Amino acid sequence: MLSPLDWFLILAYLAFTLGAGLWVSRRASASLVSYFAADRSLPWWWVGTSMVATTFASDTPLVIAGVVATKGISGNWFWWSWAIGHVGVAVFFSPLWRRLGVVTDAELLERRYGRGPGTFLRGFKAVYSSLVVNLIVLGWVFRAMGKIADPFLRWEEALPAPAWAAVQAAWPGWLLIGSLNETLTIVALVLFIGLYSSAGGLRGVILTDLFQFAIAMAGSVLFAWLAVGRVGGLSGLTEKLRSIYGEAGAGEILSFFPPAEAGAQMLLIYLFVVWWAQHHADGGGYIAQRLVAAASPRDARRGMLWFTWANYVLRPWPWILVGLVGLVLFPRGMEAPAGSLAARIVADREAAYALLMREMLPAGLLGLALAGLLSAFMSTVDTHFNWGTSYLINDIYARFVRPGAGRREVILASRAAVLAMTLGSLAVAARIGSIEWAWKFNVSMGAGLGLPVLLRWLWWRANAWTEVAGMAAAGLTTAALHWAGAAPSFPVLLTAQVTAGAAAMLAATYLTRPVPLEVLRLFYRDARPPGAWGPARGRGEAGTPLLPLAAEWALLSVAVFAGMFLAGSLLVGTPGEAGMWGGLLALALLGAALLGKRGLSSNRDL
């Protein structure tokens, strides 16, 4: 149970968060752009750190520790591969988002495709992103927070027996997120988050994100350090893994790459398909919201690069270490008495992170670590509340329902929508079981949009039907494969989806009319995208060549993976491995720097 010192630290953190949201509430109320884009005034390190804080959700440590325990370190390639796409967003797209000056990525669709199909797609995207994608993400984050909070806060012990019995009798079954104990904790936290995030808008969200990221990282590093110390330090960790699982078994667990005989196909799919086969391959969603809030295109690009480095190189290794410690203390297949700590961890490796934290951390340190996980949870939820509401207000309410609404009405509607989304997200969370399954389901739903969202920036001929056809074909392919019998493995399913989506996308593009030339010219003038834009450019106007951008993208992608594996080698590898990855990192960064020095990098006008 938590000590008074632990409670003091947690409550002090919650008080600061609420105060920050209320402090900036007046400035957030100035306009719709102030509320959802922070007046486009944020420096790069605010932008990047806020994105890292948002992705550092309460589910992330649990999923990664669970993946390591069941599949080894290489099981993380499912999300490691996204680094390639995030570097691509930094190099190709982040300045374009800022130049356009939109509030949401749905608004971009009408700017890119014009009235008619573009208007329809804007409305559809707003509803789909806010009420489907957004609520599913919030659902799995809530599910993870329930697993974290359950060992620490027991409402049946805190409440008088008659009150607890009344709650049990009255609580609706469709609104259970795990157990009733977990549900009550989540409801209390989510209502609190809805209060401060509705007050401060995006500026309040990002201000709290900066503090939340620092607390969350400190808590995870501290926990990993103490957990590794429990098994004899880093050397003791690797030695015990070899003793328990044998040299070959430990090597498979510690390897950064899947086993050659079974994982080659999977690794190729991750490297060449997964990172672009998703609906936000161009940085759409909450990332785009941060990029358009940057003070300049240069700040948008630097913020995206900082996010990518921090997200992949700095952030995951404490969680990976905790997952490895769990494999030492509670080996795979061990038998344990029902209901014991060991039995719970072996049965649910995703819950091991919170259970080990409760067992290992003393008073005070436990409060700090738990405040860190609360920070991770809240930084994600407040972002998704604000981002999801931005679609409903900017792209539905102010665009279709009340296009002439005044500033006060729009801000009041925004705050009401945040609170309404709070309730919807709780209902969705009650339907989610496995967090890892929800991650993959979310990616699968948008697989057919990967190529269309990239091509809308790079090719003048892409139109609204390009995106509609890609998404529809991928969805029908998924349904057909499931209807035919047992679904194939996730990478194979994703490949089938994007293949069908690409074929349908190209057919629809050439069978429908192109976007009117005047719309293309306005879009090109505002965004100045690279690629094939011949008809949209002015006479004699030179476009931005793609080859130097591709070279920079490749070099920076290599640098991120080399940095990530350098950190891993220093923790669980050998000096030789660390030297190899360090040398590759230096070469990649040197090559990218030379491209920039010669004026060949991604944004010569920044």
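Which residues in α7 meet which residues in α16? From α7 come W82, A83, H86, V87, V89, A90, S94, P95, R98 and R99, and they meet P297, A300, R301, M304, L305, F307, T308 and Y312 in α16; contact means heavy atoms within 4.5 Å. These contact residues divide into twelve nonpolar, three polar and three charged (Ala, Val, Leu, Ile, Met, Phe, Trp, Tyr, Cys and Pro count as nonpolar, Asp, Glu, Lys and Arg as charged, and the others, Gly among them, as polar).

A word on the source: this is a predicted model, in which local features need pLDDT of at least 70, side-chain atom pairs count only at pLDDT 80 or more, and totals for chains, interfaces and linings use all residues. Residues are numbered from 1 along each chain as its sequence is written, and side-chain values use heavy atoms, leaving out hydrogens and water.

Now to the geometry of the pair. The axes of α7 (residues 82-100) and α16 (residues 297-314) come within 7 Å and cross at roughly 165 degrees, so the two helices are roughly antiparallel (angles over 145 degrees count that way).

Confidence is given as pLDDT, which runs from 0 to 100. The chain averages 84, and 91% of the residues score at least 70.

| Helix in the chain | Mean pLDDT |
|---|---|
| α22 (residues 435-445), lowest | 56 |
| α16, highest | 96 |

Finally, have a look at K125, placed in helix α9 (residues 117-149). K125 counts as buried because its relative accessibility is 12% (buried means under 20% relative accessible area, with a 1.4 Å probe and protein chains only). Leaving aside neighbours within four places in sequence, K125 is in contact with D105, A106, L109, H279 and Y391.

Note on methods:
Axes are lines fitted to C-alpha atoms, for helices over the stretch in contact, and angles run from 0 to 180 degrees between N-to-C directions. Helices (H or I, at least four residues) and strands (E, at least two) are DSSP runs, numbered from the N terminus. Angles under 35 degrees count as roughly parallel, over 145 as roughly antiparallel, 65 to 115 as roughly perpendicular and the rest as oblique. pLDDT is the predictor's confidence in each residue, from 0 to 100. Buried means under 20% relative accessible area, exposed over 50%, partly exposed in between (1.4 Å probe, protein chains only).
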